[in-house]
Amino acid sequence: MPYDVARYLNIRSAGAASMGPDGQLAFLLDTTGTSQVWRLDEPGAWPRQLTFEEESVSFASFSPTRDELVFGMDEGGNERVQLFRLAGDGSETVALTDAPDAKHRWGGWSHDGDRFAFASNRRDESVFDLYVQGREETGDDADLVYESDGWYSLAGWGPDDERLAVVEAASNDDQDVYVLDVETGEMDHLTPHEGDVRHLSVEWGPSGDLYLVTDRDADTLWLGRLDVDTGEIEAVVDGGEWNVDGVAIDDESERIVYSRNVDGYTELTVGDLDGTEIQEHPEPDLPRGAAGGVSFDSDGERFAITATASDDNTNVYVVDAATGAAERWTDAGTAGIPRDSFVSPELIRYESVDGLEIPAFFSRPAGDGPFPVVVDVHGGPESQRRPSFSPVSQYLLSHGYAVFEPNVRGSTGYGKAYTRLDDVEKRMDAIADLKAGADWLRARDDVDGDRIAAMGGSYGGFAVLAALTEYPDVWAAGVDIVGIANFVTFLENTGEWRRSLREAEYGSLAEDRKFLESISPLTNADAIRAPLLVLHGANDPRVPVEEAEQIAEKAGEHVPVEKLIFEDEGHGFSKLENKVTAYRAVVDFLDEHV
């Protein structure tokens, strides 16, 4: 029996887990149509809903010592997250911050649970200062412990609760690490370097040193130990062919979990840490897909982790660190759709115009074809399409469409050199990769080469629009979701806190304006020949809604264009009602034109 797209969008997702001091589990679940905080005290128990907000909750973090949490929530997708304290039984919610025009980025609880830290741009929209606040303090009570001049975030409290690990981002490919003395405000710079070097997933170790992943002097990320006194980084695990892309450490038990991204699939290593040596335990028994978000219990014997696969919706598992035994604690439902109907992709590689090999996931519906295909382009561009569950993709597959998900040049996961192949003047080489992908599809007997559509969100939306302008005869239709139409107006109007990071990737308004104008889809919209669907959130702080208005108006002068703007959404769709409206429009549009 075929199911409507709304049924697929009712497939639930449970994740972003946090383990409490008594082994209880908090997580986000979207059963009500938005992500809310839920709680479980044991596997298989009936979960209890703790928050009942109209807006989606973005994270929840258990206190290490009390039955209470801090959670974050914005308004209408504007990403100006405020912080709230929540009683462990959901009986009380206290607003901790009261700066609705500012963003607040969680920095973690102190070990005694009496204080927490966060970064915020409440003083100056373009920079993030660092704050410490008592758990009972509210509003403006937070102490400004460091006044910054850039994009700062926090990576947690040191074992002595006297220092905070700080990360400064110059771009998505270039970060620096500092240690801040909370009392004196003194900031020690630990990673001075030249050029772009990533320093990510920073964690305190039991001895008071820091562990992180970095691509210093290498093409891929490796796990290192950073001496906070000397600034020297000693290798713990080499990167090799594939990135070590994350690390989590329980600084009391000395348990460590690190992940390696192997062609998009997560491989986890669990062990006991001793300086730069790791005594490994059995690999956790999790679905073969993507996993992350480790949260240890109070003694480090177990940890919660979110896991997903292309054919398995997202759930939270609790893993025994010593044995690798994993138990699924949450039961996010599939809306009555049989799990065995979900399709797993084939991992392929195809050759682009210059001979570069491009990795991609290709999923085929039942039958022999020839099938129409949706080429689904990820955002970022410093991101990667990984084998995680997508209800929209599964609906399309059940509806007779094949789905093609390329990781074009500029994607992460394949080394520093690959990620930089689309920077600034090389931008359109990534669009040529999409054309080469369409050529690969067209050469297959099971694909209808006249029915290939492009769909993407954010930077992926730009890629769709650029593909339609650069290669107008290739595409049967295009779907642009919160995409960039004009790099100049995008950079002029994006959030103040984002501009410098985005200019590092795309080019600067001061030096590259003419080039940015030349590659902007809006400049070349007259070339578009395919019907176009444009979807956007009115409150989008990243890609302002004017980008959708501009391209819809100009392309609409000569091709069929449909435009759908959601007044209570931002950079994407968080509310179930809006998701159903948006993707029903996508399906109807594809059925009509493809």
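Reader: Are Phe342 and Phe389 buried or exposed?

Author: In this predicted model, Phe342 and Phe389 are both buried.

Reader: How is a pair of aromatic rings described?

Author: Two values describe such a pair: the distance of the centres and the angle of the planes. By the rule applied here, the count comes to 28 aromatic pairs. One of them joins Trp109 and Phe116; the ring centres are 6.2 Å apart and the planes stand at 70°, so this pair is edge-to-face. The cut-off behind that reading is an angle over 60 degrees.

Reader: Why do Trp109 and Phe116 count as buried?

Author: Buried means under 20% relative accessible area. Trp109 counts as buried because its relative accessibility is 10%, and Phe116 counts as buried because its value is 0%.

Reader: What is the geometry of the pair formed by Phe342 and Phe389?

Author: Phe342 and Phe389 are edge-to-face, with 5.0 Å from centre to centre and 70° between the planes. Phe342 lies in the loop between strand E28 (326-328) and strand E29 (346-351), and Phe389 in the loop between strand E31 (371-377) and helix H2 (391-398), so the pair ties together parts 47 residues apart in sequence.

Reader: Which residues do ring pairs link into a cluster?

Author: The cluster consists of Phe59, Trp106, Trp109, Phe116, Phe118 and Tyr131, linked by ring pairs.

Reader: Which Arg residues lie over the face of a ring?

Author: Arg105 lies over the face of Phe128, 5.0 Å from the ring centre. Arg288 lies over the face of Tyr265, at 3.8 Å from the ring centre.

Conventions: Residues are numbered from 1 along each chain as its sequence is written. This is a predicted model: local features need pLDDT of at least 70, side-chain atom pairs count only at pLDDT 80 or more; totals for chains, interfaces and linings use all residues. Side-chain values use heavy atoms; hydrogens and water are left out. Rings of Phe, Tyr and Trp (its six-membered ring) pair if their centres lie within 6.5 Å; planes under 30 degrees apart count as stacked, over 60 as edge-to-face and the rest as tilted. Buried means under 20% relative accessible area, exposed over 50%, partly exposed in between (1.4 Å probe, protein chains only). Helices (H or I, at least four residues) and strands (E, at least two) are DSSP runs, numbered from the N terminus. A charge sits over a ring if NZ of Lys or CZ of Arg is within 6 Å of the ring centre and within 35 degrees of the ring normal.
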